[in-house]
There are 2 protein chains.
Amino acid sequence: MALIVEKYGGTSVGDVERINAVADKVAGARAEGHEMVVVVSAMSGETNRLTELAAEVNPEVPARELDVLLATGEQVTIALLTMALHRRGCDARSYTGGQVHIRTDAVHGRARILDIEDARVRHDLCQGRVVVVAGFQGVDEAQNITTLGRGGSDTTAVAMAAALKADECRIYTDVDGVYTADPRIVPEARRLDSITVEEMLEMASLGTKVLQIRSVEFAGKYRVPLRVLSSFGSGPGTLITFEEPLMEQPMISGIAYNRDEAKLTIRGIPDEPGIAYRILGPISDAHINVDMIVQNVGADGTTDLTFTVHRNDYPQSLSILKQTAEVLSARDVVGADDIAKVSIVGVGMRSHAGIATTMFRSLAEEGINIQMISTSEIKISVVVDDKYMELGVRTLHKAFGLENGTKHGDTPPSAG
Amino acid sequence: MALIVEKYGGTSVGDVERINAVADKVAGARAEGHEMVVVVSAMSGETNRLTELAAEVNPEVPARELDVLLATGEQVTIALLTMALHRRGCDARSYTGGQVHIRTDAVHGRARILDIEDARVRHDLCQGRVVVVAGFQGVDEAQNITTLGRGGSDTTAVAMAAALKADECRIYTDVDGVYTADPRIVPEARRLDSITVEEMLEMASLGTKVLQIRSVEFAGKYRVPLRVLSSFGSGPGTLITFEEPLMEQPMISGIAYNRDEAKLTIRGIPDEPGIAYRILGPISDAHINVDMIVQNVGADGTTDLTFTVHRNDYPQSLSILKQTAEVLSARDVVGADDIAKVSIVGVGMRSHAGIATTMFRSLAEEGINIQMISTSEIKISVVVDDKYMELGVRTLHKAFGLENGTKHGDTPPSAG
């Protein structure tokens, strides 16, 4: 008898057959005695259809009206799923974001949830009803319809779970959980039973696209137990916990990668205070996000600075950096967009030495040259040649024994 | 500088091109200085698409959820039209029924409007904005989404006009006004510049399908000047007035017809008080609407009673009437479903004698036998053989000089 919030994305409710499958799942959980709140997205393809219709009418789509238009997508799904539940003899009610008072700020297209009024939902749950809520949408203070932007339905689900103090928030996707690495690259990759919020944040930002980072942050902030699982299978998925790491916590949870970056280096610049700001200031003024930054001190009183940006921003960044180089009388500017970032992530590395050494040694043994290194408390990232990305991920997955999940924090592998 | 409420139906907003045409019209009126409120329906075909989707999910569609689903249809249109207005440099805001507090009772699928809060709309109008409102929908007291049923968008427009005390409510349709008769039957039929609400009610219920009767009643009740006009042409349409008829009011405004009825007669029943109730009671108990009722007194202390029902209800009515006949020891029951009703409508007939005589004589001259007659203050209806329907309409149109519109109340045609 738990209170469970479930979220089904666009693919999971993509047609009538799939909506029926979701209704079976939800009605089943209700029949087991659980109190159920279900958050759904627009049927896959619907948001694109509406966006194209809008662009046809007005290429400079007014943001307020686009939200009014897009919000119909989830409204269709909540009605259909609720009808499907009724057909299964399962009492249910659908609600738009506005109807359950998902109050947001007024930033159309990427609004942030401020508050949820839970009275109505609680009343329905008390009556034994399943509550079906439109994801991705809310209303601002003046009751204007807003949408939450990418991954918004995940955020709605987590926010509902937080407001209702749900026992668990289940995000159903087309993968059956979070893996130790991308299974397309590492066939031995293993589904993790659990992962901490912090690890998940590092994994997500590094390109393991399972959950939108915003909903994970939200879950961490409100301590909502979050589970990622497949809407097509029946496995337990991966639980994202906010607990402190235990002794049996594996040292490394997974290997992530990102091949969407490019690196730029400015060489032979004066090694003096404020130099990093003078180089990176013009980049951020152009609204370009910088990811990794590494500065080396040279022998001759000059230094080099290397940073990475999104690959799409590479040409513009290069041109900005060349202008900066002239101003600073730098020796030269070099760059490359055929790079990849490979990272190991795990809260266990906080308390264990030798992790970095194991990483660097195993890459070296495979002849993979490391171009950049950057570290955080629970992550070590290296930049390597693009072509070594898959080999690098597989090598590290093996080096940290992730395929069998037995190497835990208390039995570190080959401390260096 | 008038405050005008306009309503565009599904055909008028059926695709992007047509939405652009409506935006041109509305932006034009706004540019002339008028305050504009626009009520729109779902794009044609959309309501059917959604209804079919619902039936696929649950053949016994729960009414509350069907309303949630169908309400998305108009929401799409308001967003697209508002975007199109923005593109024309015309500031505009869209609102769902719930957002402008179109409060209804809780009867899903055919809710009645109880109240409209006009503050928000007035505020936007003051700011110079066009207000675009979703027709057909509202919310009940608990904020559940409701729909108004057939012709609901017309009702929304009239209700908005009443709440705002608009100078005129314009209903754009695919016809350019109300005609003296169906132009498919009478090529000489003429568009009326104006018609009274009462006449319109008689015309509408008799099968001239221009406006839903409910919105006309509403307009009459709140004295909203209502104009029917074409969304594709530029004519002035027909104004539906609530003024008292003037002297120059034409005696007859139009000829209406209805071929959806069947007649039933029970003969040789005792001519005693309560007999009509004992015959028609079982019919209405079966939820069958009776239209015309005629009772003749016979010579032998018995009487005959004839009434008409919708043709679809004919078999059931006949079987009920036969049971009643047995109970009452009636002589026999006869009926026919190959009949048509032809009516002349006009407030002018109140003050003029001889109208009925002109009607009966002109029909007789064409050899058309009258099977039933029924009269009201502003209408005379006759039932004739189905095959004479077109001839009857043309004959009456000519007899009352409707083709040239010159025969007014003060110059009655051939008073009989």
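**Figure 1. Contact between chain B and chain A in the predicted model.** In this predicted model, 26 residues of chain B are in contact with 26 residues of chain A. On the side of chain B that touches chain A, helix H1 (16–31), H2 and H3 of chain B each supply at least two residues. H3(B) gives the largest share, 14 residues. By type, the residues on this side of chain B are 15 nonpolar, eight polar and three charged.

**Figure 2. Helix H2 of chain B, residues 46–57.** The helix has twelve residues. From its first C-alpha to its last it reaches 17 Å, close to the 16 Å expected at 1.5 Å a residue. Leu50(B), Ala54(B) and Val57(B) are the buried residues of H2(B). Down the helix axis these buried residues fall within an arc of 60°, so they line one face of H2(B). In an α-helix there are 3.6 residues a turn, so residues three or four places apart point the same way.

**Figure 3. The two sides of H2(B).** The buried residues of H2(B) pack against helix H1 (16–31) and helix H3 (63–87) of chain A, and also against helix H3 (63–87) of chain B. Asn48(B), Arg49(B) and Glu52(B) are exposed residues on the face turned away from the buried side.

**Figure 4. Residues 406–416 of chain A, where pLDDT stays under 50.** The model has 31 contacts beyond four places in sequence for this stretch. Where pLDDT is low, the predicted coordinates should not be read in detail. Chain A averages a pLDDT of 89, and 93% of its residues score at least 70. The model scores ipTM 0.77 and pTM 0.78.

How values were computed
Residues are numbered from 1 along each chain as its sequence is written. Chains are lettered from A and ligands numbered from 1 in the order in which they are written. This is a predicted model: local features need pLDDT of at least 70, side-chain atom pairs count only at pLDDT 80 or more; totals for chains, interfaces and linings use all residues. Helices (H or I, at least four residues) and strands (E, at least two) are DSSP runs, numbered from the N terminus. The expected span of a helix is 1.5 Å times one less than its number of residues. A residue is buried if 20 or more other C-beta atoms lie within 10 Å of its own, exposed if 12 or fewer, and partly exposed in between; C-beta atoms are placed from the backbone. The arc is that of the directions from the helix axis to the C-beta atoms. Two residues are in contact if their C-beta atoms, placed from the backbone, lie within 7 Å. pLDDT is the predictor's confidence in each residue, from 0 to 100. Ala, Val, Leu, Ile, Met, Phe, Trp, Tyr, Cys and Pro count as nonpolar, Asp, Glu, Lys and Arg as charged, and the others, Gly among them, as polar.
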